[in-house]
Amino acid sequence: MVWKGKWVQLSLTMVLSFMLVLSGCGSSNNTAAPEDPKSDGGTGETSENAKSQIEFMGWGGDTEKAVFQKLIDSYMKKNPNKKVKYTVVPPAEYYQKLDTLIAANKTPDVFYAGGAHFNKLVSSDVLLNLESQLNSSSDVNPDNVWKQGLDRYRYDGSNVGSGDLYGLPKDVGPWAFAYNKALFDKAGLPYPSAKAGEYTWDDMVADAKAITVVNERGKIDTFGVAGYSTESAVWANGADWLDPAIGKITIDTPEFAEAMQFVADLSLVHKVSPSPDDEKAQNAYARFVAGKVAMFPMGPWDQPGFWDLPFEWDIAAWPASPNTGKTATWLGSLGFVVSKKTEYPEDSFALAAYLSLDPESQKENYMLGQAVPNLMDMAKGEFLDMEKAPQTRQVFLDIIEDYGRPPVEVTSKNTKWLDTFWQDASQVWTGKKSAAEFVKEEQPKLQKLYDESNK
């Protein structure tokens, strides 16, 4: 739940930057174990009581590292013969480190993977098929796990999304639409609706204009909206980047251009969202937490930071396109996967299942504001009953169940084409080109890049 050169639209870029709140930069943090790695203690045992040490690698900030260390300690206490070596890698270095370990035949037993990286790993036969362990486990009830989470880690030999299971969800991350209640109250405006379809692009622009404040020097002091998701706009307007079934880049449509131009015009025309220069001076996240932005995207992992804000806030459904009456947003996820070469497949699955689906671990995560529980009954029960903001946390579940979509990159093994799109899109954000001109010129370029690495 990361990337590339946009200004007004931070959604993909902030998958990583906001995940730093969930799983940010950190240094190595290992739990040493007295047994030799990959050792059965000389007994030759293969039963569940045999000694083993498995290696688990992820990334994480201080909060996540503390949570996972606690969970791993709990796991080892319950299973004295099962030792876990936990290694944390800084996010920016993680996949490079993982590729190096795979090439050196030192792949961790259990590790993080998601999006295009999961696609690449599973199609390269690096990951263990977990279907048999899932079916035989008495500790896992797949009917109580979000299908949207499990399906993200299925692979049928050609496509991600169907077939056998090759990972378990670390989280299912709905990208929600947060707003500052105090700024809406000050402007005398009703809050955006939590129900999808009731609050439109036009409503948002009108509210943003009413809230935006220009100071005595002629500079905008408070913005109505920032970081608006281009994915939300494009999908809501009935368009998309790619048709994965035929491998065709589909950005050169009127619907796509209109949605992209809508996002650009929040700054260029309506003057209610930070410009690229504004972003350089102070990024949109910092502006929101300082009370200088009224509407801004957030993931569940942002809750701990938002709980400390000096103003009240809540979440709403993403604004709907007035052309379709529909809305959409992306539904992120990161997974626990197991190396196909692990010497301890059962123990590796057991650890992944514990971290992903154990009620104790799931409660720990949601209570700390790290994620929506992967367990549906917990998410629809005690998670919704939390007294902390957001009050309308049902929106998180609505995104999971109704209008959340996997990020654009999920169906690609190589994202060079998508990275290039976001880099080149600055021409639209700065007004050098209209969105209609841009997508017409960009489509052949992206198609060539996609075909070289994915088709």
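Visitor: Where is P390 found?

Guide: P390 is found in the loop between α16 (376-380) and α17 (394-403). Keep in mind that this is a predicted model.

Visitor: What is the peptide bond from A389 to P390, cis or trans?

Guide: Read omega. The bond from A389 to P390 is cis, with omega near 5°.

Visitor: In what sense do β9 and β12 pair, parallel or antiparallel?

Guide: Parallel, over 2 bridges. β9 covers residues 220-225, and β12 covers residues 293-298.

Visitor: Next, helix pairs. At what angle do α18 and α20 pack?

Guide: Take the angle and the axis distance together. Helix α18 (residues 416-424) and helix α20 (residues 435-453) pack at about 155°, with their axes 8 Å apart. Angles over 145 degrees count as roughly antiparallel. The two helices are therefore roughly antiparallel to each other. The crossing of α18 past α20 is right-handed.

Visitor: Which residues make the contact of α18 with α20?

Guide: From α18, K416, W417, T420, F421 and D424. From α20, F438, E442, K445, L446, L449 and Y450. By class, this contact has 6 nonpolar, 1 polar and 4 charged residues.

Visitor: At what angle do the axes of α10 and α20 cross?

Guide: At roughly 130°, and the axes come within 8 Å. Helix α10 spans residues 254-268. The pair is therefore oblique. α10 passes α20 in a right-handed crossing. F256, A257, M260 and Q261 of α10 meet A435, A436, F438 and V439 of α20. The classes here are 7 nonpolar, 1 polar and no charged residues. Note F438: this residue is listed in the contact with α18 and in the contact with α10.

Visitor: How far apart are the axes of α2 and α14?

Guide: 11 Å, with a packing angle of about 130°. Helix α2 is residues 62-78, and helix α14 is residues 345-357. They are therefore oblique to each other. The crossing is right-handed. On α2, the contact uses F68, L71, S74, Y75 and K78. On α14, D347, A350, L351, Y354 and L355 take part. These residues divide into 7 nonpolar, 1 polar and 2 charged.

Visitor: Last topic: charges. How many salt bridges does the structure hold?

Guide: Side chains of opposite charge can pair when their charged atoms come close. The structure holds 17 salt bridges.

Visitor: Which residue forms a salt bridge with E64?

Guide: K170, with the closest N and O atoms 3.3 Å apart. Then check where each partner lies. K170 lies in strand β6 (residues 168-174) and E64 in helix α2, so the pair ties together parts that are 106 residues apart in sequence.

Methods: Residues are numbered from 1 along each chain as its sequence is written. This is a predicted model: local features need pLDDT of at least 70, side-chain atom pairs count only at pLDDT 80 or more; totals for chains, interfaces and linings use all residues. Side-chain values use heavy atoms; hydrogens and water are left out. Two strands pair if DSSP finds at least two bridges between them. Helices (H or I, at least four residues) and strands (E, at least two) are DSSP runs, numbered from the N terminus. Axes are lines fitted to C-alpha atoms, for helices over the stretch in contact, and angles run from 0 to 180 degrees between N-to-C directions. Angles under 35 degrees count as roughly parallel, over 145 as roughly antiparallel, 65 to 115 as roughly perpendicular and the rest as oblique. A crossing is left-handed if the near helix is turned anticlockwise from the far one by less than a right angle, and right-handed if clockwise. Contact means heavy atoms within 4.5 Å. Ala, Val, Leu, Ile, Met, Phe, Trp, Tyr, Cys and Pro count as nonpolar, Asp, Glu, Lys and Arg as charged, and the others, Gly among them, as polar. A salt bridge is a side-chain nitrogen of Lys or Arg within 4 Å of a carboxyl oxygen of Asp or Glu.
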